[in-house]
Amino acid sequence: MEDHSGMASEWFMDLRNTSNWSQYGKVLGDFRVKYTHPTTQLQDHGDEVLALTPELKLVLDKAPSGTTFCNHSTPNRGNEPDWRYVELLLRIATRKAALRMRAQDQGNDLVALWACEHQRLGGSTGNIQISTVKNVPQNLIEALAGSLAAPAATATPPWTPPAEPSGVPVTMPGLLVSPPSPAVAAPILVGSVPRLASAFQDRTSVRHRIDRARDSHATTVLTQVLSGGGGVGKSQMAAAYAHQALAAGTELVVWANATEIDQITALYAQAAHRVQAPGAQGVDAESDAQAFMTWLATTSRSWLVVLDDITDPNAAEPWWPPPSLSSRGWVLATTRRREAQLSGGGRTVIPIDTYTPSEAAAYLRDRLTTEETTHLLDDRAVALATTLGLLPLALAHAAAYMINEDVNCSQYLHLFNDSTAQLDDLLPRHADTEGYGRQVAAALLLSLDAAQKCDPIGLAVPALRLAAVLDPAGHPQTLWTGEFFDHHLEAHHAARPGSGSARAALRLLHRYGLITDNFRNGPRAVQVHALTARAALEITPAAELPATVRAAADALLELWPEADHTDPELCAVLRANTDILHTHAADLLWGPDSHPVLYRAGHSLSDAGLYTAAIVHWDRLVTDALRLLGSEHHDTLTARANLASSYRRAGRTAEAVALLEQVVADSERLLGPEHSDTLTARANLATSYRQAGRTAEAIVLLEQVLTDAQRLLGPEHSDTLTVRNNLATSYRQAGRTAEAIVLLKRVLDDALRLWGAEHHDTLAVRSSLASSYRQVGRTAEAVALLEQVVADSERLLGPQHHDTLTVRANLASSYRQAGRTAEAIVLLEQVLDDALRLWGAEHHDTLAVRSNLASSYSRAGRTAEAVALLEQVVADSERLLGPQHHDTLTNRGKLEAIAKEGGTRSR
């Protein structure tokens, strides 16, 4: 019988050193990682296992997974583990080892070793009997680990305990056992396998993909999905497999640092001598390495070769170990590179991403729990993990920093978000408690020097800077095919104009794992890890940053569609990237004038109906413009005017009027009364007057503006058409509906001819005309037109856009007027839900929807509901708009009429 005591010796020593259940639980967890990986099988058979462990039912409320396998004995619980779980774990491990080594199952031996130490700590082993009749059902072991074929399936003889070194036996119910004798044999290890990090996460889904690939290929190559290269845990995952192979009795394990080819050949030559490979003479390392590769292909012994951190796939190609003819060998490699040839020769590339949110949270919890510093965990732990980009390397350094400095998650997050802090200070070398060997910033940028030397030579660094000032979550590929990125990079590279330098640099960064370029991600095709971006910017000379941010801003502006509704997803990504760029650029986009992309992003927010976000954006621009350009600069006036328009659209009418009156006065003084921006400011002020209920003032001002616009801009200018539409709306609000209809029909004809049927402003004109039809009793025409406008708005602007909600509310009002009250109520209730969620309860248009819904309730005979709702609307209108506002007076009159008609009295 083959001796498997070597398999248990390391674990047995760990057990002997434990002094409490907290330490014991950690040893069990380490064993699970090193000796077996039953997660997938346990997920499938968890109900069976739970049914056989009644004690565990008191702890777990559902079938166990790999994560919960030993979690009932985690250090923070300090409880005795369920012995049936542990026995199952040990027997799975020995069964898998027996299958791999084609030997007898030594499960009884290992269970007995465990039982001794379990009892020493005061634990109960229930009715466990070390014999050929196992406590854990045989069918469960076979389901989880496999079935032994004859003759290896012969039952294991009863275990005979070796002599206790001290001569004092350890007893347990029904069995006299002693600690094991020292191992008489051990696997051959060439190279140094890294130790597993504290609180190592098993990463079940990653392991499952590796195991599945291993079943179908002799070689599996690990690489990462998201950019940044270092720190995602590739080497740690490979190390876990190496430790597992050693524990399982794999006869040869080679761990080679593959950054340099000389290191691979040196390790191979050393391994050749250890296994006495034929042809290894000790004269030439390369010849001996070749002899070792031949030995790997032909030997019947089990082996694992790990090539860690392949930096040059071309140079490494001759040194890939060949497939094992006996099917007992395996190659595992890690690399930051993304080359097509990595998947050649029967190899499978498996992307390794950062932690999942649950894995990151588990890591922080386990790491701090092990160090008995759980007081550092707080409600910002998830936010901290997210800010660190779920990067295992960064989380390890951050946890060590927190432990060393006694800083909790909230405090560390505050330090990290300080824009003046450096990564090397927040994730310092002395926090490298896991022995990674590099600071985080250096690890993330490790491959940058090599990429900088590759064709196109000298472009990797400036190209990474471009990506670093944009949104880490992704930006469009087309930025790298436009003229601005090309022109910027051509200044760093002797290339002819239009040679596609930017696109070539993008692919170079992708191949070296510094960014990810994947067209399947749509407008967010190009991604960079947030910490990689931060590290790249920290080493960017101050003199290089202005040109970088200008090139990025120019490229974003060039890509922006003329009309946002034609590609709302792209525009959302462009807004996010502009916001990140503005943060990195600070004042660099403000000299001598503001960059237009900042204003384009603000208009895009308004076009998307994101008025609250637009207010925040324009308020920031106004503050920056006043500070950097002065109060009388043209760009400052423009920013203030746009802030006022955002106030109006968000329902903050009083603020809009006050600010616009100032802007009009300043514009007339600084630009002149006939400047196009002055006309726009006056038109916007008139619209705000109308919204404030000052309709007569709005009409007077709009008629003046229209006269000036027709004279200065022409009757078919876009701004002139907009003024005509706004004037018609004011006529309708003043009861001059016939005039409004005549004017709107003319405007609509011009809009269709000049803008097209799908233009945003054309939709607005059609909606205004339909409202005018309803107001004069032409209800059928109003309904037909509004149904078309609703369908077009939902298709072109999206169902959540502000203007879409408005026309849906108008359609509901037309339904009510047409006697289709039930349909009106259903539609208005839907619109109100959306309005409350998107605009808020105090928005001017939300009040209008609530008022219209009350009218529909009244029409349907639901008088009590109508009165209750209108009482709220009147109170909110008086508070928000004022008691004399047109809408307040209208709602109060409506309430009195409904209350009187229903025979009720309003409060």
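In this predicted model, Val 253 has Leu 304 as its bridge partner in strand E6, and this pair belongs to the parallel pairing of strand E5 (residues 252-257) with E6, which extends over 6 bridges. Val 254 of the model likewise stands opposite Val 305 in E6. E6 also pairs with strand E7 (residues 329-335), again in the parallel sense and through 6 bridges, with Val 306 standing opposite Leu 332 in E7. Strand E5, for its part, pairs with strand E3 (residues 188-190) in the parallel sense over 3 bridges, and here the bridge partner of Ile 188 is Leu 252 in E5.

How many residues of E6 are buried? The count is 8 of 8, so E6 is largely enclosed by the rest of the structure. E5 is mostly covered as well, with 5 of its 6 residues buried.

**Charged side chains**

The loop that leads from strand E6 (303-310) to helix H12 (313-316) holds Asp 312. Asp 312 is one of the residues of a negative surface patch, which is formed together with Glu 260, Asp 262, Asp 284 and Glu 286. Because a residue must have over 30% relative accessible area and no salt bridge to be counted in such a patch, the value for Asp 312 matters here: at 35% relative accessible area, Asp 312 is partly exposed.

| Salt bridge | Distance (N to O) |
|---|---|
| Glu 697 and Arg 694 | 2.8 Å |
| Asp 792 and Arg 795 | 3.2 Å |
| Arg 820 and Glu 823 | 2.8 Å |

Where do Asp 792 and Arg 795 lie? Both belong to helix H35 (residues 779-796), where they are placed 3 residues apart, or about one turn of the helix. Buried is the class for values under 20%, exposed is the class for values over 50%, and partly exposed covers what lies in between.

For the pair of Glu 697 and Arg 694, Glu 697 is partly exposed with a relative accessible area of 36%, and Arg 694 counts as partly exposed at 31% relative accessibility. In the pair of Arg 820 and Glu 823, Arg 820 is partly exposed with a relative accessible area of 30%, and Glu 823 is also partly exposed, with a value of 38%. Salt bridges also link side chains in a network, which involves Glu 632, Arg 640, Asp 666 and Arg 669.

**Backbone geometry**

Most residues other than glycine have a negative phi, and most peptide bonds are trans.

A cis peptide bond joins Asp 455 and Pro 456, with omega at about 0°, and Pro 456 is found in the loop between helix H19 (448-452) and helix H20 (460-468). The peptide bond from Gly 591 to Pro 592 is cis too, with omega near -10°, and Pro 592 is placed in the loop that joins helix H25 (568-585) to helix H26 (596-607).

Leu 390 lies in the loop between helix H14 (381-387) and helix H15 (392-405), and at 16% relative accessibility Leu 390 counts as buried. Asp 406, which is not a glycine either, has a positive phi of about 55°, and its place is in the loop between H15 and helix H16 (409-416). Asp 406 is partly exposed, with a relative accessible area of 48%.

Note on methods:
Residues numbered from 1 in each chain as written. Predicted model: local features only at pLDDT ≥ 70, side-chain atom pairs only at ≥ 80, totals over all residues. Heavy atoms only, no water. Patch = residues over 30% accessible without salt bridge, like charges linked within 9 Å, V, L, I, M, F, W, Y side chains within 5 Å. Areas by Shrake-Rupley, 256 points an atom, 1.4 Å probe, with all protein chains shown as cover. Salt bridge = Lys/Arg side-chain N within 4 Å of Asp/Glu carboxyl O. Lys, Arg positive; Asp, Glu negative; His and termini not counted. Charge placed at Lys NZ, Arg CZ, Asp CG, Glu CD. Helix = DSSP H or I, 4+ residues; strand = E, 2+ residues; numbered from the N terminus. Buried < 20%, exposed > 50% of the residue type's maximum accessible area, 1.4 Å probe, protein only. Pairing = 2+ DSSP bridges.
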